[in-house]
Amino acid sequence: MQVYKAFFKIILKNRMQISIYLIVFIVLAVAFTASYTSPVSTDFTESKINIALINEDEDSVFLDGFIAYLTVNANLVNLPDDPQSLQDALFFQEVDYILRIPDGFSQDFLAGQTVSLEKTAAPNSTSATFMDLRINQYLNTAQTYLNYGNVVSQYELVSSLQNDFSNSSSVTLNSHTDESDSAEKMAYYYNFMAYSLFAILILGVCAVMLVFNDSDIKKRNFASPLKTLNYNSQLVLGSLSFAVLAWLLMVALSFIINSDFMFSEKGLLLILNSFVFTMSALSISFFISNLVKSRSAMSAVANVFALGTSFISGVFVEQVYLGDTVLSIASFTPTYWYVKANNAITSASSLSGSTLTDILTWIALVLGFGIAILGVTLVLLKNRKVEAR
Amino acid sequence: MVIKIKNLVKRYGDLIALDHLNLEVQKGEIFGLLGPNGSGKTTAINCLLSLLKYDKGEIEIYDTPMHPEAYEIKKRIGLVMQNVAVFNELTVYENIDYFCGLYISDKQKRRQLVEEAMDFVGIKDFRKFTPKKLSGGLLRRLNIACGIAHKPDLIIMDEPTVAVDPQSRNSILEGIQKLNAAGATIIYTSHYMEEVEQICSRIAIMDKGKVIASGSNDSLKEIIKTGEHISIEILNPQNLDLDEISDFANILSVDLSGSQLTIKSSRGKNNLIPILDLLKHRDIQIGKVFSEPPTLNDVFLEITGKELRD
């Protein structure tokens, strides 16, 4: 296993350059996932709207009770009763709702006659609809008491209504925000992994292959009794070990960040997807390593390829914000399908049926890229060998 | 027979790199392949090791046809390449261990062989150094150690002393003789005729992909007419008549270049004395005088009409 051992000694010699990408990944991934806040609000605060009340009715116990009810459910704003002032207040959103209680309202209501209140509000205002509901609720309840209850006086009516509406409900928001937060964090983490993995694999594999592809080293190896198949197998095994090691390190970190999620079905699918992507990235790195001729070219290719494919595939900017042309170009890279699968895994409400089929299809596409590029590399190597000899 | 090459032809397009090359190397020899740059020495070595496909011919090593999968034969061969072929990322020890490990799988035995190889080339003190920290001479020694650590029966050395200081060169040449004394057959290619003359028991002179002459150092010099090479520094050359010198017996050529008189003569006794007597008689003052036997350069010059170092 001389070649295999030399493979890792060369990797170790290049550890500084490779570590930079790993450290950047760890720092950024941890920082982003730790500071991530969900765009969905998770708390509830009761709020009141501002209303202007113009009372033209005579004083009565019922009217006082009604106004007291409005005071509890809205902020009453005092405005002069002139049309210009009222419209200005509505326009400048000083108030959301103007309620006018007409003369004889209480008397007619208590007499069981049909009554109406005048209201002015901005068109399609949800605040106005809310206020309508509140007022209707009060008047309908009062009507019910008057029709079916043994109410003998306005005091009793107002007291009963006060009693009814003093009951309040506590609000608890039941949602899946915790789980979706974790999923989005992990989607970001695993998407970002594509960039780091690509850069690390290109750098590592190229660094080793540059040495072993040196014509003099190659001649010396081929002049030895080491069989060609054995030699190639050790190089492939070295590349695989290196790739799996880098992948394991990154996956292990995701377990440290959120082990509950990673042990879930979605977490395991993310791991599967990232493993397939690692193999595909390795295949591309192997291809690039057979084209690159110098160390400076190696660094340039690692940066340009890893950054370029990551940008257009939605690693840094979500795919929904990217243009159709960009995404069309990106669809010729495995990173695009990897990110697409990651996003689908983490955003799916349930992993079954067509969702799962789509995800597995995209993972298969990533694998397909890897196999195709490996095939091209092998043909390239075979042709080169024939030319060289 | 260790090596037998028969009618080997290698073409690069229209260029014929090896033109029906024939060679035989016997066990225990230090066999020198001498020739100017581009004469086909390295191509011959690459074909011999099946690192290069050839168009025609047969190669046998240890009476077995050589081909890329002849792993049993490869086990018995050590290669020291013209260019230093080591891993810059590994230390001296790790480099020798790597190449030795391609032949010897036993770890303990390998450790001993690596130590012996470092000792042999004198780089034990630099075992933890990476090649980039070594001088040119030490790097060449490392290159040799990597090729010989597994104690091969046949060692092929392709210009191992190129760009090496004289001290390291002597040390390398002594080492080669020691390896030979220990039983190894050695093929040594070089364009430095002095090295080949110094260490090789048999020499093949190559030009344009062909062996133009082969034999021992002495036998090669016997096939040419030149037997003595006389150089005399003349202080007053205007009084010299070259025809008078040419008339002496055994004289093949006389040439005066500035104050340097060069005379080539065939084998014979006392070629120098009558010339010096004549110069004294004609009141010609002389400075330094050299009389040398012919070199391999003379052999090459006489056969090809050009200098070995052209």
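This is a predicted model: local features need pLDDT of at least 70, side-chain atom pairs count only at pLDDT 80 or more; totals for chains, interfaces and linings use all residues.
Select B:Ser231 and B:Phe290: B:Ser231 stands opposite B:Phe290 in strand S14 of chain B.

**Stop 1: the four-stranded sheet of chain B**

S11(B) pairs with S14(B) through five bridges, in the antiparallel sense. Now show the whole sheet. It is open, has four strands, and runs in the order S12-S13-S11-S14 with antiparallel pairing. Look at its edges: S12 (251–257) and S14 (286–292) of chain B each have a single partner strand, so one side of each lacks a neighbour in the sheet. From one strand to the next, the twist averages 15°.

**Stop 2: the six-stranded sheet of chain B**

Stay in chain B and select S6, S7, S8, S3, S9 and S10. They form an open sheet in the order S6-S7-S8-S3-S9-S10, with mixed pairing. Strands S6 (77–80) and S10 (210–215) of chain B stand at the edges; each has a single partner strand, so one side of each has no neighbour in the sheet. Neighbouring strands are turned by 15° against each other on average, direction ignored.

Zoom in on S9(B), residues 202–207. Five bridges join S9(B) to S10(B), and the two run antiparallel. Within this pairing, pick B:Met206, which stands opposite B:Val211 in S10(B).

Two helices come next. Show H6(B), residues 166–181: H6(B) packs on the sheet and touches S3 (30–34), S7 (154–158) and S8 (185–190) of chain B. The direction of H6(B) makes about 155° with that of S8(B). Then show H11(B), residues 296–304. H11(B) also packs on the sheet, touching S3, S9 and S10 of chain B. Its direction makes about 40° with that of S9(B).

**Stop 3: where chain A meets chain B**

Select H1(A), residues 2–13, together with H3(B), residues 92–101. Their axes come within 9 Å and cross at roughly 155°. Angles over 145 degrees count as roughly antiparallel, so H1(A) is roughly antiparallel to H3(B). From H1(A), the contact involves A:Gln2, A:Val3, A:Ala6 and A:Lys9. From H3(B), B:Glu94, B:Asp97, B:Tyr98 and B:Gly101 take part.

**Stop 4: a helix pair in chain A**

Move to H12(A), residues 265–289, and H15(A), residues 334–347. They pack at an angle of about 175°, with axes 10 Å apart. That angle makes H12(A) roughly antiparallel to H15(A). Display the contact residues. On the H12(A) side they include A:Lys266, A:Leu269, A:Asn273, A:Phe277 and A:Ile284. On the H15(A) side they include A:Pro334, A:Tyr338, A:Asn342 and A:Ile345.

**Stop 5: a salt bridge in chain A**

Select A:Asp81 and A:Arg100. Their side chains meet in a salt bridge, 3.0 Å from N to O. The pair links distant parts of the chain, 19 residues apart. A:Asp81 lies in the loop between S2 (74–77) and H4 (83–91) of chain A, while A:Arg100 lies in S3(A), residues 97–101. Over all chains, the structure holds 17 salt bridges.

**Last stop: a surface patch on chain A**

Switch to a surface view and select A:Ile20, A:Val24, A:Leu28 and A:Phe32. These residues make a nonpolar surface patch of about 320 Å².

Terms used
Residues are numbered from 1 along each chain as its sequence is written. Chains are lettered from A and ligands numbered from 1 in the order in which they are written. Side-chain values use heavy atoms; hydrogens and water are left out. Two strands pair if DSSP finds at least two bridges between them. Axes are lines fitted to C-alpha atoms, for helices over the stretch in contact, and angles run from 0 to 180 degrees between N-to-C directions. Patches are made of residues with over 30% relative accessible area and no salt bridge: like charges are joined within 9 Å, nonpolar side chains (Val, Leu, Ile, Met, Phe, Trp, Tyr) within 5 Å. Accessible areas come from the Shrake-Rupley method with a 1.4 Å probe; for residues, only the protein chains shown count as cover. A salt bridge is a side-chain nitrogen of Lys or Arg within 4 Å of a carboxyl oxygen of Asp or Glu. Angles under 35 degrees count as roughly parallel, over 145 as roughly antiparallel, 65 to 115 as roughly perpendicular and the rest as oblique. Contact means heavy atoms within 4.5 Å.
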